Amino acid sequence: MTGAQQVPPAIGSANTSSVLGASTALRLLVIEDSPTDAELLGELLSDELPRCTLDTAPSLSQALRRLSGSSYDLILADLSLPDADGEQVVRAVRVAAPRTPLIVLTGRVDRDLALWSLSAGAQDYLVKGEDDGPRLADAVLRGLQRSLTEQQTHDRLISALKLQSEAAERLQALDAARNDFVATANH
């Protein structure tokens, strides 16, 4: 499962539905320095999400290069990398891809780091070896669905605020026209 496969459309594109499922075409970036763990992750997800394409990056710097040149539907990130650790990984990924859902998948059982990661924008914090393929795929789909719903809500809010602003401008114009009419009628 490498980037050599056909790249599916991004989740946010117009040709995707609002409800995700196992048949949804996905493109994920896996930030994982262990080739064995990356391969296992690919096998677990390919069984459950057959239209999923995984690109891997063995370091944060390589992941950031990939993120600058491509878009992904979701990022799965280990927190113990050769060039970054823990909070550094989450911060850098959030800066590089602020609207892309992030799931932390690490061997570190650290409640404080888990809570911090979630507060910093991660969709989930999973510990390696605790989830099998179906549970991992469900976590990916839940994270994507939550993020998609948040993005749609944000877009609707922006649209509603724009409509409200336009309505306020029209009301101001009508009020100005009314004032001009009253002033003209009084002369």
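Ile 103 stands opposite Asp 124 in E7, in a model that is predicted. Strand E6 (residues 102-106) pairs with E7 in the parallel sense over four bridges; two strands count as paired if DSSP finds at least two bridges between them. Helices (H or I, at least four residues) and strands (E, at least two) are DSSP runs, numbered from the N terminus. Both strands belong to an open sheet of five parallel strands in the order E2-E1-E3-E6-E7. Strand E2 (52-57) and strand E7 (124-127) stand at the edges with a single partner strand each, so one side of each has no neighbour in the sheet.

Residues are numbered from 1 along each chain as its sequence is written. Local features need pLDDT of at least 70 and side-chain atom pairs pLDDT 80 or more, while totals for chains, interfaces and linings use all residues, and side-chain values use heavy atoms, with hydrogens and water left out.

Helix H2 (residues 60-69) packs on this sheet, touching E1, E2 and E3 (contact means heavy atoms within 4.5 Å). Its direction makes about 130° with that of E2, where axes are lines fitted to C-alpha atoms, for helices over the stretch in contact, and angles run from 0 to 180 degrees between N-to-C directions. The buried residues of H2 are Leu 60, Ala 63 and Leu 67; buried means under 20% relative accessible area, exposed over 50% and partly exposed in between (1.4 Å probe, protein chains only). Seen down the axis of H2, these residues fall within an arc of 55°, so they line one face of the helix; the arc is that of the directions from the helix axis to the C-beta atoms. Arg 65, Ser 68 and Gly 69 are exposed on the other side of H2.

Turning to charged pairs, a search of the whole structure finds nine salt bridges, each a side-chain nitrogen of Lys or Arg within 4 Å of a carboxyl oxygen of Asp or Glu. One joins Arg 27 and Asp 55 (2.8 Å, N to O), linking strand E1 to strand E2 across 28 residues. Arg 27 is buried at 12% relative accessible area, and Asp 55 is buried at 2%. Another salt bridge brings together Lys 128 and Asp 78 (3.2 Å, N to O). Lys 128 lies in the loop between E7 and H5 and Asp 78 in the loop between E3 and E4, so the pair ties together parts 50 residues apart in sequence.
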